[in-house]
Amino acid sequence: MFVFSGTFDKSEINQQTNEITFYYNQKIPIPTYLIAFACGDLEYGKISERCGIYTERGLLDKALYEFAETEKFLKTAEDYINPYIWEVYNILVLPFAFPYGGMENPCLTFVTPALLAGDRSLTNVIAHEIAHSWTGNLVTNKDWTNFWMNEGFTKFFERKIIEILYGEDISNLEAAVGRVNLEHAIKSIGHEHSFTSLNPDLTNVIIENLI
Ligand SMILES: [Zn+2]
């Protein structure tokens, strides 16, 4: 199966060669860093009418339990800001080699299987990626020196979703943990280093080294 950061249109099988062609649409203009695709022996399960999960075989039930609150996150975000315009919100659980928490590709968030904790304790990552459907994916920074505008507003929106659903104490706890992590990062990179400023100097810096 082939999946893409857009809405699925159709698939066609060439009877002679047995090759399958998948067609997807993305009608909303997006920057190139949000174009993503994956292929593999995938299973799909629905969470709601517009939300679902792709996993490799054997992981689907676990993922459906872990991310069962996805529609609730999406609805909360919509009620707070305005309607979700990307039509579908799917999650692709990547192989264990994927080292990042999540990537907010439109219509198809990529997540690490490390989020499958079994107790829904890491699903704030899904709230974060859903928040990117507005902050980041609809309105983004002009270039990576202004990345704080993308991630900063998304972090605010993520914590707002968590606060509305689970209360101010949980949201404040996440903010406190975030603050400790930020201080740790500033300490390890160096508070005088350009990378710990709001507008880092990225001249001749390869972006993958920053993520
Ligand atoms: Zn983010």
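How many disulfides does the structure hold? The count in this predicted model is 0. To see this, select Cys-39, which is in no disulfide; its nearest cysteine sulfur, that of Cys-107, is 18 Å away. Cys-39 is exposed, with a relative accessible area of 62%.

**The zinc site**

The coordinating atoms are NE2 of His-128, NE2 of His-132 and two OE atoms of Glu-151, at 2.0 to 2.4 Å. Along the chain, these donors follow the spacing H-x3-H-x18-E. His-128 belongs to helix 3 (residues 124-131) and Glu-151 to helix 4 (residues 147-166), so that this pair, 23 residues apart, links distant parts of the chain.

Why is the arrangement of donors irregular? The 4 donor atoms subtend angles of 58 to 153° around the zinc ion, whereas a tetrahedral assignment would need all angles to lie between 85 and 135 degrees. For reference, the ideal angle for four tetrahedral donors is 109.5 degrees.

His-128 counts as buried at 10% relative accessibility, while Glu-151 is partly exposed, with a relative accessible area of 25%.

**Aromatic pairs**

Now display the rings. A search of the whole structure gives 13 aromatic pairs. Select Phe-2 and Phe-37: their ring centres are 5.5 Å apart and their planes stand at 25°, so this pair is stacked. Phe-2 lies in strand 1 (residues 2-4) and Phe-37 in strand 4 (residues 37-39), which places the partners 35 residues apart and links distant parts of the chain. Phe-2 is partly exposed at 24% relative accessibility, and Phe-37 is exposed, with a relative accessible area of 53%.

For another geometry, select Trp-134 and Phe-157. Here the ring centres are 5.6 Å apart and the planes are at 75°, so the pair is edge-to-face. Trp-134 sits in the loop between helix 3 and helix 4, and Phe-157 is in helix 4; the two are 23 residues apart, and their pairing also links distant parts of the chain. Are these two residues buried or exposed? Both Trp-134 and Phe-157 are buried.

**Charges over rings**

At Tyr-23, the charged end of Lys-10 sits over the ring, 4.8 Å from its centre. At Tyr-65, Arg-120 lies over the face, at 4.0 Å from the ring centre.

**Helix 5**

Finally, select residues 168-189, which form helix 5. This helix has 22 residues and reaches 31 Å from its first C-alpha to its last, close to the 32 Å expected at 1.5 Å a residue.

How values were computed
Residues are numbered from 1 along each chain as its sequence is written. This is a predicted model: local features need pLDDT of at least 70, side-chain atom pairs count only at pLDDT 80 or more; totals for chains, interfaces and linings use all residues. Side-chain values use heavy atoms; hydrogens and water are left out. Donors are N, O and S atoms within 2.8 Å of the metal (3.2 Å for Na, K and Ca); water is not among the atoms, so sites may look incomplete. Four donors count as tetrahedral if all angles lie between 85 and 135 degrees; four count as square planar and six as octahedral if opposite donors are over 155 degrees apart and all others between 65 and 115; anything else is irregular. Helices (H or I, at least four residues) and strands (E, at least two) are DSSP runs, numbered from the N terminus. Buried means under 20% relative accessible area, exposed over 50%, partly exposed in between (1.4 Å probe, protein chains only). Rings of Phe, Tyr and Trp (its six-membered ring) pair if their centres lie within 6.5 Å; planes under 30 degrees apart count as stacked, over 60 as edge-to-face and the rest as tilted. A charge sits over a ring if NZ of Lys or CZ of Arg is within 6 Å of the ring centre and within 35 degrees of the ring normal. A disulfide is a pair of cysteine sulfur atoms within 2.5 Å. The expected span of a helix is 1.5 Å times one less than its number of residues.
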